[in-house]
Amino acid sequence: MPKIKHDGSNRVNLQHLGAVYRLIEQFELISRIDLSKISGFAPASITNLTRELINSHFVIERAVQNTIVRGRPAVGICLSPFYWHYLAVTLSEKSLDISLCELNGKQVQQQLYTLDKTVALEAFISRVISDFLAQHHEITNHILACSLCILGRIDKFEKRVYLGAEELNPELQEILQADFKFPIIVAEHFAMWTFAESHLGNAINSDNVIFLQFDDAINISVLSEGKMIKNEKQKRMNIDNVTLPKLSELSDKIAQDVPELERHYLYNQVSNKAIYQLVDLLLPNDLPNDENKIQFLCDQAQLENPAAIKIIHHLADNVSYLLMYLTNIFASEKIMINTRLLSVKDLFLQRLALKLQDALLSDEQQVEIITSKFSWNDPTIASSAIKQQLYNGALFRHHIR
């Protein structure tokens with residue numbers, strides 16, 4: 001693939017390409033004149049930038065016939081559906097979900113694979129991607145990139161990668177990259193979820209939002225006045241060790257495997273680990289510690305089992321205590337929740353909203369609790385890593401002369 005030199009002027013040009021590409025994607029069909037007005041770039045610059053995008057098959061020209069005014073049809077620019085595709089891959093503890101998508105995010109092909117625990121994870125991922133490409137070889141000749149979205153944590157400070165509670169090889173991206181010519185982007189599911197929801201999902205056009213996801217880990221990010229509060233390397237806040245008061249009699253009955261001082265840490269009260277212990281305590285079962293046990297809890301709650309409802313209330317009360325402080329500090333208008341308990345969202349969210357509203361400092365402050373637009377394996381989430389590198393121009397450096 002042709003590559004450009006990495007000097008300062010080319011970096012600026014790539015950023016300009018990304019900005020123009022993003023506008024074209026946003027408006028679906030837009031004229032060069034409107035691109036110039038909205039972007040602030042001179043008409044001559046827009047002409048050059050769109051020419052490069054056209055020559056590299058990212059966008060195409062399309063005639064727009066004005067049915068009112070006779071004459072030559074206007075010409076607009078839109079994303080090209082004919083050349084580039086990309087892979088959006090979601091890795092969970094049990095499966096690998098691969099989607100082949102067009103530039104506009106449209107899913108063309110999809111396949112779900114069960115993880116093979118008898119082989120190294122890197123080898124399994126590489127083999128599955130290769131098999132998927134071979135199976136659809138007639139439409140996978142031009143792969144722009146592959147996003148591997150991990151349901152876990154990527155700790156950039158410690159250079160560690162976690163899939164659920166399992167620590168993976170920190171060189172995962174480099175190992176996979178050696179097997180493929182197109183870029184491999186390894187991304188954290190939570191970070192991509194917040195991007196997808198704030199740009200395409202239920203938090204779009206919102207400036208003050210708390211994003212909370214709790215499963216094997218507790219992930220939280222805050223969007224304040226339209227900007228994500230973050231440090232240089234991470235968008236997620238580490239709140240695992242936030243200490244909660246004893247909000248129910250269940251608080252002292254779980255987390256018996258940790259020191260007493262740590263028993264009331266947020267992680268030990270509301271994570272999947274805590275849910276498994278609560279279910280085993282109040283709803284005896286022989287299920288493994290995975291999503292099946294959580295679904296069992298939800299099923300029992302829907303059947304109005306008092307023990308299951310007690311667990312749901314315990315979880316909602318602890319989460320509401322945390323959100324009370326964050327909402328009062330950041331004056332958040334919305335709280336977006338993502339958890340496997342959403343199959344009983346009416347029960348869980350009603351309890352959460354009731355407790356939270358009672359705890360707000362101002363009676364006039366109203367907080368809307370919303371849920372995710374996207375399922376955990378929706379390719380839109382994994383696609384966010386591709387989108388980000390298109391918008392900042394990074395992916396264009398492989399294809400623009």
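**Note on aromatic contacts**

1. Tyr21 is buried, as its relative accessible area is 0%; buried means under 20% relative accessible area, exposed over 50%, and partly exposed in between (1.4 Å probe, protein chains only). Phe396 also counts as buried, at 0% relative accessibility.

2. This is a predicted model, in which local features need pLDDT of at least 70 and side-chain atom pairs count only at pLDDT 80 or more, while totals for chains, interfaces and linings use all residues. Residues are numbered from 1 along each chain as its sequence is written, and side-chain values use heavy atoms, with hydrogens and water left out.

3. There are 11 aromatic pairs in the structure. Rings of Phe, Tyr and Trp (its six-membered ring) pair if their centres lie within 6.5 Å; planes under 30 degrees apart count as stacked, over 60 as edge-to-face and the rest as tilted. The Tyr21 and Phe396 pair is edge-to-face, because the ring centres are 5.7 Å apart and the planes are at 65°. Tyr21 belongs to helix α1 (residues 8–27) and Phe396 to the segment after α12 (379–391), so this pair ties together parts 375 residues apart in sequence. Helices (H or I, at least four residues) are DSSP runs, numbered from the N terminus.

4. Ring pairs join Tyr21 and Phe396 with Phe58, Tyr83 and Trp84 in a cluster.

5. Tyr321 and Tyr325 have ring centres 5.3 Å apart and planes at 70°, so they are edge-to-face. Both lie in helix α10 (residues 306–330), 4 residues apart, about one turn of the helix. Tyr321 is partly exposed at 24% relative accessibility, and Tyr325 is partly exposed at 45%.

Notes. Helices (H or I, at least four residues) and strands (E, at least two) are DSSP runs, numbered from the N terminus.
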